[in-house]
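Please look over the sequence and the model before reading on.

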Amino acid sequence: MIIEGEYQNLACNTGDAVVVVKLDKSMKADEHYSFFIYTDDLMLMADAETGQDTVERRGRVLQAHLHGRCPWMPGNYFLLLRWAHDDVLRYDLQLDEHHQWHVDATPTRCQYMSREDILSGTLIMQRAAWSRLSSHPGARQLKEWCINRAMQNRVNASRCNDHYNPLEMNDNLLVAYRSRIWRTMVPLMMKRIGNIEGELCPVDCAILFDPTRSNAFEELHSIFGDSSAANNPFDMFQSWADDSRLRIYCFRNIGALVDTGGKNLMRAILRHCPTKNKKVIFMGTQQEIDALLEQNPTLQQYFPPQNRLSEEPYSCQDMLRLFFSEADGAHLLLSCKAREKAWRVVGKAWRQGIISNWTMEDMRQWVNDELVPANMKGLIQRRQQLRDDQCPHLMLPEDLDAATLLRQQSSFDAAMHELNQMVGLDELKQSITTLARRMRFNVERRQLGLPINDMATYHAVFTGNPGTGKTTVARLLGKIYHSLGLLSRGEVVCAERSTMVGRYIGETEENMKHLLEEARGNVLFVDEAYTLYNKNDDKDFGRHAVEALLVMLSRHNPDMLIVFAGYQKEMDNLMQMNPGLAGRFPYKFHFLDYNAPQLMQIVERVLQRDSYELTDDARQALQQGIALTVQNRTDTFANARWAEQLVMNGIIPAMADRIASAPHAYDRAVYQRIEAVDVDVALERFGVKAPQTRQRRTIGFCA
């Protein structure tokens, strides 16, 4: 067999691969032949069959033109040639870095019901569904499940033909996904390729329990039970259990099954499900799956290892194929040079860890939000040069700068840079830098296929006075953890006692349920956390909030970072009041108050950000005023927040009053220059006595 390809360069390998096969004596020239080329990760790259224009027959020589659905990349492939009575030959192929094909001259004859037989026969009968699944990145486990399932279905078909009862198969799945498209794709493949019968019934677990209702399980009851059934959640399932119809229940948002009321929900579900007629799919993030199994160990008996599927991190080839697919979907026409540059930049970004944690949604958003708008200007310019009857196309230019293809630095590096740019906090910066490097080290080991046995948790306690940067650091930690794949979203959700603790029975539980749902994938920042616990009041509802947080704190990899913040003395008392809390927070960071030079640096950065300039007298007055403030500050002093307010609510309004109260030239410098009198007025408004080392100037414009 000979396989050829004509390409101008590596990144343009999207053309036809020409396969030439000379038939031996055992293969009749007039039989039907099918060709399939797969990658090592079971992606169907191309296919053709006799009877189509893509296959030419010249005696005992077959020539097939196989058009790749995605770019041909260097790596290993295999070609399946199928003919006659399910006979299959496998040829191992390799495409080198110089875009030359190498073919194993000796094919392997594959047996009946082998993987090759299934890949070229049974799965091709569902060509549309299988092509979609085979091209999906990170779906190796799901593909393997479909292959094994097809084999089992064929065995049962043979048993039925021989009048034997079919073997019973486990149709329940545990699915851990990264991209949202899996929530619809997995059930679809389960039915079409897995050939599992039954009505598909999606169930949103987040609405099954509502503690504010007289019957907290009312929604569960309305979905599965009879309207006349009792309020007991176990009885609600009776009519569901007695129903003989075939159904596949797909449970989503399963994080609700481990939150408040989750144990009762799971007991009710497991009482009557899964059964012979009721199949279940539990779908969630890997963290939610782990928490569900940890809280309900009996659940594992319903899901054998082969039925526990995970969407795997995307490989470099996955990411490259995904980029070109999304670019095509956005109607971006890539020239050969632009394709070559995109090829190398995207590959480099994956190897550097910039996009190694991206999902399909991330790539689609990047293409649509950055690439498409960046090229709209070029489209408008070209449109002016075209005739009215010509249609412009959105095209990446050949001289496209790599910086416009990808951000110049990863979100990890950007967050670390922002952290290091903060004023002061030297010891804290070093601790967080070491922590972040450790996590990135584990991510890089995982990408290299090395084992990771990191059972550590990363919850933290921040102590310090107001305005020392606790909330800002929590926001940066969210970005860092998200860039490393430890948080699915990485935003900061702020909470305090008033938003967590209710006044009536059940209100606290409801508040915590919604709060934990909002915080899933994010940083939950609990300010003044010590107000939640009062050891002298057993009736205080705050203990229910602490109990809900303890459940989340005890989980491994909960897809949530919980940060308790407050004054150091009160936080120490909280940890002593409840011994269960102290061990849940392995990281404790203390934020020191800013000294006078650091506060001056913060003020100057705020002014520089908005293009203001200090005169020498104004700088001297500001330094003296800040030093006097630091000398007399109390524990409630707001530190950096005070410095920002001094500028925005003190200096700038005083400057505006001065300029408006006297005639002045409409000059740019006038609106940038801050005078000493502006600082004096601002300090007085903030209760700081103006420095007496120089003569006080009258308010007014000075030319």
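In which kind of crossing, left-handed or right-handed, does helix 21 pass helix 22? The crossing is right-handed. Handedness is left if the near helix is turned anticlockwise from the far one by less than a right angle, and right if clockwise.

This is a predicted model, where local features need pLDDT of at least 70, side-chain atom pairs count only at pLDDT 80 or more, and totals for chains, interfaces and linings use all residues. Residues are numbered from 1 along each chain as its sequence is written, and side-chain values use heavy atoms, with hydrogens and water left out.

- Helices are DSSP runs (H or I, at least four residues), numbered from the N terminus.
- Axes are lines fitted to C-alpha atoms over the stretch in contact, and angles run from 0 to 180 degrees between N-to-C directions.
- Angles under 35 degrees count as roughly parallel, over 145 as roughly antiparallel, 65 to 115 as roughly perpendicular and the rest as oblique.
- Ala596, Leu599, Met600, Val603 and Glu604 of helix 21 touch Arg619, Leu622, Gln623, Ile626, Ala627 and Val630 of helix 22. Contact means heavy atoms within 4.5 Å.
- This contact holds eight nonpolar, one polar and two charged residues. Ala, Val, Leu, Ile, Met, Phe, Trp, Tyr, Cys and Pro count as nonpolar, Asp, Glu, Lys and Arg as charged, and the others, Gly among them, as polar.

**Helix 23 and helix 24**
- Helix 23 (residues 640-660) packs on helix 24 (residues 676-685) at about 130°, with the axes 8 Å apart. Helix 23 is therefore oblique to helix 24.
- Their crossing is right-handed.
- By class, the contact has 10 nonpolar, two polar and four charged residues.

**Helix 13 and helix 15**
- The axes of helix 13 (residues 411-420) and helix 15 (residues 470-483) come within 8 Å, crossing at roughly 160°. The two helices are therefore roughly antiparallel.
- This crossing is left-handed.
- Ser411, Phe412, Ala415, Met416, Glu418 and Leu419 in helix 13 meet Val473, Arg475, Leu476, Lys479, Ile480 and Ser483 in helix 15.
- Seven nonpolar, two polar and three charged residues make up this contact.

**Cavities**
- There are two cavities of 30 Å³ or more. A cavity is a set of points on a 1 Å grid over the protein atoms alone where a 1.4 Å probe fits but cannot get out; lining residues have an atom within 4 Å of a point.
- The largest cavity has a volume of about 60 Å³. Grid points are joined across faces, edges and corners, and volume is the space filled by probe spheres set on the points.
- Its lining includes Gly255, Arg520 and Asp559.
- Helix 8 (residues 286-295) gives the most to that lining, with three residues.
- Four nonpolar, two polar and four charged residues form the lining of the largest cavity.

Definitions and conventions. 1 Å grid on protein atoms, 1.4 Å probe; cavity = no way out; pocket = protein on both sides within 12 Å on 5 of 7 lines; lining within 4 Å.
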